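Open your viewer and get the selection tool ready.

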Amino acid sequence: MNVGARESRIIQKPGIELPGFRLMLTDNTTPLVELRDLTFGYGERAILNKVTLSVPRGKVTALMGASGGGKTTVLRLIGGQIRGQSGQTLFDGQDVGTMGTGALYEARRRMGMLFQFGALFTDMSVFDNVAFPLREHTQLPETLVRDIVLMKLNAVGLRGARDLMPSELSGGMARRVALARAIALDPELVMYDEPFAGLDPISLGTAARLIRQLNDTMGLTSIVVSHDLDETFHIADQVIVLANGGIAAQGTPDEVRHSDDPLVKQFVNALPDGPVRFHHPGPALEADFGPVPRGGRP
Ligand SMILES: Nc1ncnc2c1ncn2[C@@H]1O[C@H](COP(=O)(O)OP(=O)(O)OP(=O)(O)O)[C@@H](O)[C@H]1O
Ligand SMILES: [Mg+2]
């Protein structure tokens, strides 16, 4: 935990305990999130096989890898929406996979999540969207809710857009409102699932810088799932590449970029073919299309 950033928030709001604020000194050396030998499958389908990874406090960790590789699954495990079949998912040293409802609820209050395709509530204004988690999870008076919402909107540059409805926002703006909503409860961990998807290069750059900036100024720990290599490598302190049910690489952007591992090379160079399978597992071609005719398929 970045104690400096937390202290500055107390100074901003003397005498008021902000939601999510915890008066405790956590040691900075243990990771905020750790997966240890985590195995998970949906029914019979194995998705993660004995995955071990760690997310250091105060840093931006990028979680990358081929589509269907299990990135969203990892975020859902950390958030406790799903539980591993074996191994541990530790958040601040506690196993999310064995928590009861109360402990899980407490842990989730310390996490912010920007969901993949995460839509805003379309029938609520920008203001009400950001206020939603505060009203849902706290009993703060409306005047304080207002202050916090405007502070968060200010942080993403959209204080002036508070009265707009989601239909009146551009894609980039909507993403920034979702970001403000994700940090409304002053989380320690923010998980972003594809925050750049569908954004033009300028909005993408803005969103990426914002994630980095919020991480540093608010003393957060961030996990960013993204397919955008350049921008993600640029803002990340650590990159983890998931492939074929395991970790293909974990290191600084430079280390991953220069990895000799064929899997990682395929990924970093965006090659369509390599160790990562392009095809979702399924019946053999022959089973669906019949035997291959002489001379091959047309
Ligand atoms: N609720 C579910 N039930 C069954 N299978 C699922 C479920 N959610 C995901 N899967 C499967 O788990 C695998 C991993 O999915 P996941 O969403 O974690 O991938 P991802 O790495 O986030 O992919 P993308 O980059 O496309 O978002 C996929 O093969 C998917 O089909
Ligand atoms: Mg996903």
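How many bridges join β6 to β7? Four, and the two strands run parallel. Before you select them: this is a predicted model, where local features need pLDDT of at least 70, side-chain atom pairs count only at pLDDT 80 or more, and totals for chains, interfaces and linings use all residues. Residues are numbered from 1 along each chain as its sequence is written, while chains are lettered from A and ligands numbered from 1 in the order in which they are written. Helices (H or I, at least four residues) and strands (E, at least two) are DSSP runs, numbered from the N terminus.

**The sheet.** Select β6, β7, β8, β3, β9 and β10 in that order: they form an open sheet of six strands with mixed pairing. Two strands pair if DSSP finds at least two bridges between them. Colour β6 (111-114) and β10 (246-251) separately; these are the edges, and each has a single partner strand, so one side of each is left without a neighbour in the sheet. From one strand to the next, the twist averages 15°. Now pick Met113, and you will find Met191 of β7 opposite.

**Helices.** Axes here are lines fitted to C-alpha atoms, for helices over the stretch in contact, and angles run from 0 to 180 degrees between N-to-C directions. Next, show α4 (residues 126-137), where Val126, Asn129, Val130, Ala131 and Leu134 are buried (20 or more other C-beta atoms within 10 Å of its own; exposed means 12 or fewer, partly exposed in between, with C-beta atoms placed from the backbone). These buried residues pack against α5 (142-155) and α6 (171-182); contact means C-beta atoms, placed from the backbone, within 7 Å.

**Ligand 1.** Which residues come nearest to ligand 1? Of the ten around it, they are Tyr42, Ser67, Lys71, Thr72 and Thr73, where near means a C-beta atom, placed from the backbone, within 6 Å. Helix α2 (residues 71-78) gives the most to this shell, with three residues.

**Two loop residues.** Finally, select Asp92, in the loop between β4 (86-91) and β5 (94-95). Its phi is near 50°, a positive value in a residue other than glycine, and Asp92 counts as partly exposed because it has 19 C-beta neighbours inside 10 Å. Then jump to Glu194, between β7 (189-193) and α7 (201-217). Glu194 is not a glycine either, yet has a positive phi of about 55°.

Technical notes:
Two residues are in contact if their C-beta atoms, placed from the backbone, lie within 7 Å.
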